[in-house]
Amino acid sequence: MRGPAIVFDNVSLQLGGTRVLDAVSFRVEAGTLHCLVGPNGGGKTSLVRTLLGQMPHSGSVRLEGEITTPLGYVPQLLDFDRNVPMTVNDVMALLGQRRPAFLGSSRAAKALRAAALARTGVAAMGAKPFGSLSGGQRQRVLLAQAISPVPWLLILDEPTAGIDEPGVRLVEALVAELHDRGVTILWINHDLEQVRRIAQSVTVINQRVSFHGSPAQWENVR
Amino acid sequence: MNALYDFIREHLQALAATGVLPQPFEYEFVINALLCAVLIGPLLGVLGSMVMIKRMAFFSQSVGNAAMTGVAIGVLIGESYTSPYFSMFGFCLLFALTLKYTQHRTTLANDTLIGVFLSISLAMGASLLLFVSAKINTHVMESVLFGSILAVDHTDMNVLLVVTAICALIGLPLYNGMLLASLNPSLAHARGVRVRSVDYLFVVLVTLVTVACLKIIGAVLVEALLLIPAAAARNISHSLPALVTRAVLIATFSCVVGILAPMQFHIPVPTGGAIVIVAALVFVVTTVIRATTARFRGASV
């Protein structure tokens, strides 16, 4: 089984009189690892938000293919009140179960959560206050929630920002493993070397699509 | 439901008559109020902890003030001045939803907008209540503002029971989504949460609970009981389950002690005031515990 294809068709977005996206059209093939690059303010995160259904836009965004699990999403950063008494396990429970998080979790949910935290190298942090984690540790927790359960579509918004070198390698290995399983991955990425190394296809966005193709083709036109 | 209330009341009164329970249990209105307290505690504890995390303290205050306007409108249109629920629910829901609608369509900071609505609701409530004050007994106004266990009847208990059922049936299944929507809307969207809908729903639940608790706690103080137990619980909690459980316990304890203590010790204070004072004392105690206990000093970072 493969993840869905993503089709952006003539997507335009205007926020407070400023045009953020202008007739953006491209397709992310099913089961590919696709990187979205471009300058700050170029509209990458806004485009992802249109995909999440969070932004009113013109044009259409659609998924083609079967989607049997919730999509996984790792935001750029989680602005979190450090004083809220919420542990890592609580945050994972909020994101991953139907039962109200304050009523605890089932044994199965706990096992799934522990496996995901272990996979991202933060197994020992389940009982720690989420607000006390460093930026890099938070990103690992956010990555853990995104792969629990394993999604067929994974959206990453600069997940390696603020993560140390071992963390970056871990993220790359995890993404590679999911990609091998057929998961479609859309990754907003500023690390051009990393994009060249891991991506199957690339779209460069600066309000409009200025390039869409393979990393090798992109190297030639840069 | 009335038969159930009578059944509970008769048994408790019998126990009080034999000396097993304290003397205030001999009075029907005390038992009515305590039955309400048993519902109000968990309601306010669960909802209050979420209000605190979502930073909506002033929102619930403005809804409480709007309830005063609701009472005044009820008196003006000829509703029963002891239970003008149609006007209170109607006006408060209209007020809260208008506030939320405006919040989604303005660039003003949340606290500024809520401050504006708070002032409007206070001004309207005070003006209209003074306008209708000639038509009603001063004690009715007092009970609206500060709560009164003498005024609690079966209608109030039924209203509270229905609101509790609505909160349990709608609020609990959507609890995670409502909390997640305020922590990170994008993540919530990704998890299939309809962020705007649960935002409105939360506002509706806070409004329903605020109005349903009005008879016991009063319009001025209902917001305090929504916040103080949650704030006290936060002082001594490291996790979400601990926060909510302790907020529920503190809210229930405050309600029960706030109702019984003035009766037992013949202290002439309104119920709402007594309940909030008990909650405030618990808050002081938890603050001291937090300041002096190493384990809790790290409860928040």
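This is a predicted model: local features need pLDDT of at least 70, side-chain atom pairs count only at pLDDT 80 or more; totals for chains, interfaces and linings use all residues.
Reader: How many helices and strands does chain A have?
Author: Chain A has seven helices and nine strands; these are DSSP runs, helices being H or I of at least four residues and strands E of at least two, numbered from the N terminus.

Reader: Why is chain A called as compact as a globular protein of its length?
Author: The globule rule is 2.2 Å times the number of residues to the power 0.38, and the radius of gyration is taken over C-alpha atoms. For 222 residues the rule gives 17 Å, and the radius of gyration of chain A is 18 Å, close to that value, so the description applies.

Reader: How do you know that β1(A) and β4(A) pair, and in which sense?
Author: Two strands pair if DSSP finds at least two bridges between them. Strand β1 (residues 5-15) of chain A and β4(A) share six bridges in the antiparallel sense, and therefore they pair. Ser58(A) in β4(A) is the bridge partner of Ser12(A).

Reader: What makes β2 and β4 of chain A edge strands?
Author: The open antiparallel sheet has the order β2-β1-β4 (chain A). Both β2 (18-28) and β4 (58-64) of chain A have a single partner strand, so one side of each is left without a neighbour in the sheet.

Key:
Residues are numbered from 1 along each chain as its sequence is written. Chains are lettered from A and ligands numbered from 1 in the order in which they are written.
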